[in-house]
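This report describes one protein chain for a reader who has not seen it before. Please look at the sequence and the model first.

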Amino acid sequence: MKQWLIGVLIISSLFGADNAVIDCNIVFEQRKGEILRELERIDEQQQALQALQSATQNVLDQREQDLKKREATMAQQQKEVDEKLARIDRLIKQNEEILKQIKGATQSKIGETYTGMKDSKSAAILQTLPDDEAAEILFTLDTKVMSKILAKMDPQKAATLTTMLQKGPPFKDKNENETMNATNPATEQTPQTN
């Protein structure tokens with residue numbers, strides 16, 4: 001810019017002082033107009049940048065609010081799921097306890113029934129049952145009653161049941177159940193249609 005101004009001054013001194021002042025004013029006015037237009041352009045860009053920043057900030061604020069709402073909803077849902085799981089666990093424990101009571105009462109009644117029967121009749125019935133069921137029933141009986149019933153049974157069956165009773169409950173082996181179900185399709189449950 002200085003060189004340009006020096007160049008203008010040198011040229012104006014060569015052509016005369018009056019023409020030089022007029023030419024310098026024209027040049028300065030043109031240059032002033034260019035600078036003002038450049039300032040306006042910079043101002044417009046600055047305003048556009050501020051508007052963009054403001055819009056971006058608004059979008060970010062909105063997304064943050066949405067995220068907080070989602071987090072609150074998820075926290076509430078997690079709390080509900082945890083409560084349901086705790087309630088289910090309590091119900092399972094209650095059901096298991098009820099099942100134990102029912103099984104105990106059933107075993108007790110069955111034991112009383114076999115205790116009241118004659119030894120030979122009990123032995124004949126138990127001999128026809130599967131080994132695990134017979135062992136389960138014998139396990140609930142008094143030792144004297146059990147020994148009398150075993151004495152009336154086939155020696156092979158009595159030996160098998162005695163071995164099972166020595167091991168103790170549970171008398172039904174899981175692998176045995178799966179094998180029985182695989183070989184006997186009648187034991188499998190079929191879905192009922194209404």
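The model is predicted, so local features need pLDDT of at least 70 and side-chain atom pairs count only at pLDDT 80 or more, while totals for chains, interfaces and linings use all residues. Residues are numbered from 1 along each chain as its sequence is written, and side-chain values use heavy atoms, with hydrogens and water left out.

**The chain as a whole**

The protein chain has 7 helices and 0 strands. Helices (H or I, at least four residues) and strands (E, at least two) are DSSP runs, numbered from the N terminus. Read from that end, the order of elements is α-α-α-α-α-α-α. Of the 194 residues in the protein chain, 15% count as buried. Buried means under 20% relative accessible area, exposed means over 50%, and partly exposed lies in between (1.4 Å probe, protein chains only). A contact is a pair with heavy atoms within 4.5 Å. Among contacts between residues at least 6 apart in sequence, 58% join residues at least 24 apart.

**Helices α4 and α6**

Two packed helices are described by the angle between their axes and the distance between the axes. Helix α4 covers residues 131-140 and helix α6 covers residues 155-167; their axes come within 9 Å and cross at roughly 65°. Axes are lines fitted to C-alpha atoms, for helices over the stretch in contact, and angles run from 0 to 180 degrees between N-to-C directions. The two helices are therefore roughly perpendicular to each other, a word used for angles of 65 to 115 degrees. On the α4 side, D131, D132, A134, A135, L138 and F139 take part in the contact, and they meet K157, T160, L161, M164 and L165 of α6. These residues divide into 7 nonpolar, 1 polar and 3 charged. Here Ala, Val, Leu, Ile, Met, Phe, Trp, Tyr, Cys and Pro count as nonpolar, Asp, Glu, Lys and Arg as charged, and the others, Gly among them, as polar.

**The nonpolar core**

A nonpolar core is a set of buried Ala, Val, Leu, Ile, Met, Phe, Trp, Tyr and Cys residues joined through side-chain atoms within 4.5 Å. The largest one has 18 residues, and those with the most contacts inside it are L126, L138, I149, L150, M153 and L161. Two or more of its residues come from each of α3 (119-128), α4, α5 (143-151) and α6. Leaving out residues up to four places away in sequence, M153 touches A123, L126, Q127, A158 and L161.

**Single residues**

D132 lies in helix α4, and K157 lies in helix α6. L141 is in the loop between α4 and α5, and D142 is also found in the loop between α4 and α5.

| Residue | Relative accessibility | Class |
|---|---|---|
| D132 | 5% | buried |
| L141 | 7% | buried |
| K157 | 12% | buried |
| D142 | 48% | partly exposed |

Which residues does D132 touch, not counting those up to four places away in sequence? They are M164, F171 and K172.

L141 and T113 are 28 residues apart in sequence, with 9.9 Å between their C-alpha atoms. D142 and T115 are 27 residues apart along the chain, and their C-alpha atoms are separated by 8.1 Å.

Key. Parallel < 35°, antiparallel > 145°, perpendicular 65-115°, else oblique.
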